Amino acid sequence: MAHAPVTAAPERSRTLLTRARILEAAREELGRDPDSSLGDIAEAAGVVRRTVYGHFNGRAALVEGLVEEAAQALRRAVPVPRVPVADAVTELARFVLAVWPVGDRYRILLRLAPQDLGADRLAEVLAPARDMAEAIIGRGQRQAVFQTNVPPAVLTRALEGHLLGLLDCVNSGVWSDDGTGTATAALIAMGVAGDSAAACVHGLIRPEGDAA
């Protein structure tokens with residue numbers, strides 16, 4: 001019986017590694033300069049431009065590769081189905097702490113829009129996080145721990161704008177955070193008292209019993 005060439009699996013592995021290296025170089029180079037050329041990205045990745053074109057047929061395809069990578073990372077950060085946390089304040093803090101590293105890693109995509117990333121595609125990428133945030137906020141409103149003067153869907157969009165705005169501030173160099181400040185600010189924006197918000201986030205970062 002015929003067997004597949006033994007080189008098939010290693011070759012596929014090398015191809016995937018090269019693709020990942022190109023995407024990583026694209027993320028770094030576009031973060032440094034959104035107008036970086038495919039030649040700049042190829043050089044940063046340690047490959048020739050022809051190799052980049054072998055994986056992506058142009059800038060739009062390369063950016064879409066980054067978008068899909070970001071979408072996969074976000075889906076992993078907010079998996080469904082999930083078991084809701086009884087305390088909506090804690091659940092929202094955990095949510096922000098989970099999505100912030102993904103947003104921080106791929107925040108360059110915000111600088112590429114709208115010429116490379118349309119609003120519809122961005123909304124598609126954010127949909128899983130948006131749905132989860134709306135469910136958490138709705139539960140928090142029913143628990144009377146979040147402000148109730150606007151519907152959950154509207155408050156969710158406000159939270160999304162808040163997070164994207166902070167990511168853009170990181171791009172601009174006026175904000176730097178590991179997620180704790182962002183999560184605290186998000187809780188405060190939802191109507192949680194400042195001291196309570198800070199204590200909640202601190203408790204998640206340093207669980208009770210850990211050294212101060």
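Residues are numbered from 1 along each chain as its sequence is written. In this predicted model, local features need pLDDT of at least 70 and side-chain atom pairs pLDDT 80 or more, while totals for chains, interfaces and linings use all residues; side-chain values use heavy atoms, without hydrogens and water.

Student: How many helices and strands does the chain have?

Tutor: Helices (H or I, at least four residues) and strands (E, at least two) are DSSP runs, numbered from the N terminus. From that end, the elements run α-α-α-α-α-α-α-α-α-α. The chain has zero strands and ten helices.

Student: What distance separates the end C-alpha atoms of helix H4?

Tutor: Helix H4 covers residues 59-77, which is 19 residues. The expected span is 1.5 Å times one less than the number of residues. H4 should therefore span 27 Å, and its end C-alpha atoms agree, being apart by 27 Å.

Student: Where does Asp177 lie, and is it buried or exposed?

Tutor: Asp177 lies in the loop between helix H8 (152-172) and helix H9 (180-189). Buried means under 20% relative accessible area, exposed over 50%, and partly exposed in between (1.4 Å probe, protein chains only). By this criterion Asp177 is buried.

Student: Which side chain of opposite charge is nearest to Asp177?

Tutor: Lys and Arg count as positive, Asp and Glu as negative, with His and the chain ends not counted. Asp177 has no salt bridge (a side-chain nitrogen of Lys or Arg within 4 Å of a carboxyl oxygen of Asp or Glu). At 11 Å, the nearest side chain of opposite charge is Arg107.
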